[in-house]
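Subject: Structure handover

Hello,

Here is the structure I promised to pass on to you. Please open it alongside this email, and then read on for what turned up.

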Amino acid sequence: MGKRLADRAAVVIGGGQQPGETVGNGRATAILFARAGARVLVVDRDREAAADTVRAIEAEGGAAAPFEADVTREADCEAAIGTCVERFGRIDVLHNNVGRSQGDREVAELGAAMWDELHEINVKTYFLCSKHALAPMRARGSGCIINVSSVASTIISPTVAYKTSKAAVNALTHSLAIENAPYGIRVNAILPGLMDTPMAIERRAREWNLTRQEVRDQRDARVPLGRKMGTGWDVGHAAVFLASDEARFITGVLLPVDGGQSINTE
């Protein structure tokens, strides 16, 4: 990979993860950013989960620091960005990677409180973190914001709040991209498909009363490319590309990382 992000500072929101057998999107991205030469502020509401990611980075000789934040609170978002600038002298990359589908239902069964909660987590957090990253990025005349959305935003989905909130992330990505192009700031979104991550597997195994492998088998069967889910590393590699100079002329893009799920007509 080389040092494609050498001398850059990145904030990874949601860079910890819940326990599980595999790696989550945020942790994988933080590790890959560091391998590419970036200094990484790993932000998570669970400080110990963020610290685990930092330890993995430092074990490979990378530079990182943990930061505890609830990014539904604007003050925490502002503090996370400020800490990156204070600690590393700059912010070059903001990677927004929080989201939840648990509690979602069909429209007729969905409570208004759950609708609000899921949109706050899935959309408002991206707005708040991006808002506070823009000032230091504009001052430098460069920057990159990456929003982790979902292919659920573009395909038929049985649950409404997750789908509409991620569609809102896509719209936010477009607005941020066009508003900030004059300042040299690029904004893109990654749309993961079915991924083998702890967040995806552990909850479903509990709720469906299945083994982890049974959950994986069901999800693998729905992926056109090789009948195998992607991993957090696939999302992370896409993020490194979008953050690098190789993507210097790419902004406003919604990039599916989904093994063909979004174009599957079966």
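Glu120 counts as partly exposed, at 31% relative accessibility; buried means under 20% relative accessible area, exposed over 50%, and partly exposed in between, with a 1.4 Å probe and protein chains only. Lys124 and Glu120 form a salt bridge in which the closest N and O atoms are 3.9 Å apart (a side-chain nitrogen of Lys or Arg within 4 Å of a carboxyl oxygen of Asp or Glu). Both residues lie in helix H4, four residues apart, which is about one turn of the helix. Helices (H or I, at least four residues) and strands (E, at least two) are DSSP runs, numbered from the N terminus.

A word on the source: this is a predicted model, in which local features need pLDDT of at least 70 and side-chain atom pairs count only at pLDDT 80 or more, while totals for chains, interfaces and linings use all residues. Residues are numbered from 1 along each chain as its sequence is written, and side-chain values use heavy atoms, with hydrogens and water left out.

Searching the whole structure gives 16 salt bridges. One of them joins the side chains of Arg100 and Glu117, at 2.7 Å from N to O. Arg100 lies in the loop between strand E4 (93–96) and helix H4 (112–140) and Glu117 in helix H4, so this pair ties together parts that are 17 residues apart in sequence. Arg100 is partly exposed at a relative accessible area of 22%, and Glu117 is partly exposed at 33%.

Asp196 and Arg216 also meet through their side chains in a salt bridge, at 2.9 Å from N to O. This pair links distant parts of the chain, 20 residues apart: Asp196 is in the loop between strand E6 (185–192) and helix H6 (198–208), and Arg216 is in helix H7 (residues 212–220). Both Asp196 and Arg216 are buried. Salt bridges with shared partners join Glu21, Asp196, Glu202, Arg212 and Arg216 into one network.

The loop between E6 and H6 also holds Met195, which is buried with a relative accessible area of 5%. The C-alpha atoms of Met195 and Val223 are separated by 9.8 Å, and the two residues are 28 apart along the chain.

Helix H1 (residues 25–35) has 10 of its 11 residues buried, so the helix is largely enclosed by the rest of the structure. Among the buried residues of H1 are Asn25, Arg27, Ile31, Leu32 and Phe33. Just after H1, Gly37 takes a positive phi of about 105°.

What about rings? The charged end of Arg138 sits over the ring of Tyr183, 4.0 Å from its centre; the criterion is NZ of Lys or CZ of Arg within 6 Å of the ring centre and within 35 degrees of the ring normal.

Last, have a look at the second largest pocket, with 13 lining residues, of which Arg8, Ser142, Gly143, Ala243 and Asp245 lie nearest its centre. A pocket here is an open set of points on a 1 Å grid over the protein atoms alone, where a 1.4 Å probe fits, with protein on both sides within 12 Å along at least five of seven lines; lining residues have an atom within 4 Å of a point.

Best wishes
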